[in-house]
Amino acid sequence: MFSSKESQANEKIHVTPFLLSTKTESEPSLFEFVFLKNNTKYRYGFRLNNSIVVDEWLFAASKVKESLLFERHEQDIKVGAKFKEGSKIIELTRKNALFLSVVAQFNGKIAESIIEWFYGLRIITGLQTYNPVTIEYLKALENKKEFMTILNIADSSIQDFQFKERDIEKAPKYIKEELERIKALGAKYELMPEIKTYHNKYNDKNNVAGTVEFDFNKNESKGTQHLFSLTGPILDTIENSNILVIDEFECNLHPLISRFLIKLFHLKNKNAQFIFNTHDTKLLNNKYFRRDQIYFVDKDQFGGSSLYSLYDYNIRYDRTFDKDYLEGKYKAIPFIDEYGIFGNEID
């Protein structure tokens, strides 16, 4: 979305509108981000369709009042006094390219800083049981000690691990063919190494008698795989004060381990941010989150979804959030016909 350098003048923009309404399916899609960068609060947004950037804007506020950096309607771009880096780039901006991205490509300092914020976003899914971010994080040997500490606290029973490079000659035929296809296109590729984990083996007196090598993908449980995969991104995000977004965070994790990882983030946080969605209602607890940190997504009867905060509700901070939520006090729950197909209420 933010790299327009390689796109062509007539190239389509890959954006999907809301398709469940005849009104919105032909309207531009709107995106807006409000964030802090270098003690400045930015508000950046744009509206676009598959052909052009319809609108684009950037405002900045060091204290309270916002200042206009630039504002755009199609190819009419107005640059504010505090965004001089963009004044000579206006004519170089194609109709299907974001002005901010173009300015950054020409070394605009503010634009580069904002693009850097977007690149700091890590977005992963809890449905993954193996994450390349963890591999990259553990290439620095000094990171291994803390990583192993987290695995041991979470009772994984892993004593050690190592990465082994894959032998392409032993790879299945379809993988070899796919790699040849990628190579022919001139694209770069990298085979992820195999992960081997090591566990203690015990004798009949329950004393350690040696270690056993496990194939990570074959022998480790899904929960252990998921814990291993998430620990790298979490520690890396904390250390670099970035933002981590996880879809289906609790997938395959024991509820106590989910809570442990959240506590870890709170304990070690250095201005990093952790955003995740979950169906684990036990996490709706004031021990882990303030009301303003909890958001709900409610889908209406027409297929549209709205996002709102628990802070919008005038309730005591010590309420049982999870119980109230399941009782429907905050909405955002599925409507289930309890009479079902049998005409009797289901207990």
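Helices (H or I, at least four residues) and strands (E, at least two) are taken here as DSSP runs, numbered from the N terminus. The model is a predicted one, in which local features need pLDDT of at least 70 and side-chain atom pairs count only at pLDDT 80 or more, whereas totals for chains, interfaces and linings use all residues. Residues are numbered from 1 along each chain as its sequence is written, and side-chain values use heavy atoms, with hydrogens and water left out.

I begin with the backbone in the loops. S157 sits in the loop between α4 (144-153) and β7 (160-164). Its phi is positive, about 70 degrees, although S157 is not a glycine. For exposure, I call a residue buried under 20% relative accessible area, exposed over 50%, and partly exposed in between, using a 1.4 Å probe and protein chains only. S157, with a relative accessible area of 40%, is partly exposed. N38 belongs to the loop between β1 (29-37) and β2 (40-48). N38 is likewise a residue other than glycine with a positive phi, near 55 degrees, and it counts as exposed because its relative accessibility is 60%.

I turn now to the helices. The expected span of a helix is 1.5 Å times one less than its number of residues. Helix α7 (residues 222-240) has 19 residues and reaches 28 Å from its first C-alpha to its last, close to the expected 27 Å. Of those 19 residues, 15 are buried, so α7 is largely enclosed by the rest of the structure. S241 follows α7 and has a positive phi, near 55 degrees.

Which residues of α8 are buried? They are I257, S258, R259, L261, I262, L264 and F265. Contact here means heavy atoms within 4.5 Å; the cover over these buried residues includes α4, α7 and β11 (273-276).

Finally, the interior. A nonpolar core is a set of buried Ala, Val, Leu, Ile, Met, Phe, Trp, Tyr and Cys residues joined through side-chain atoms within 4.5 Å. The largest has 43 residues, and F249, L261 and F296 have the most contacts inside it. Elements that each supply at least two residues of this core include α3 (132-137), β10 (243-247) and α9 (321-326). Its largest share, six residues, comes from α7. Another core, of 28 residues, lies apart from it and includes Y42, L58, I89 and F118.
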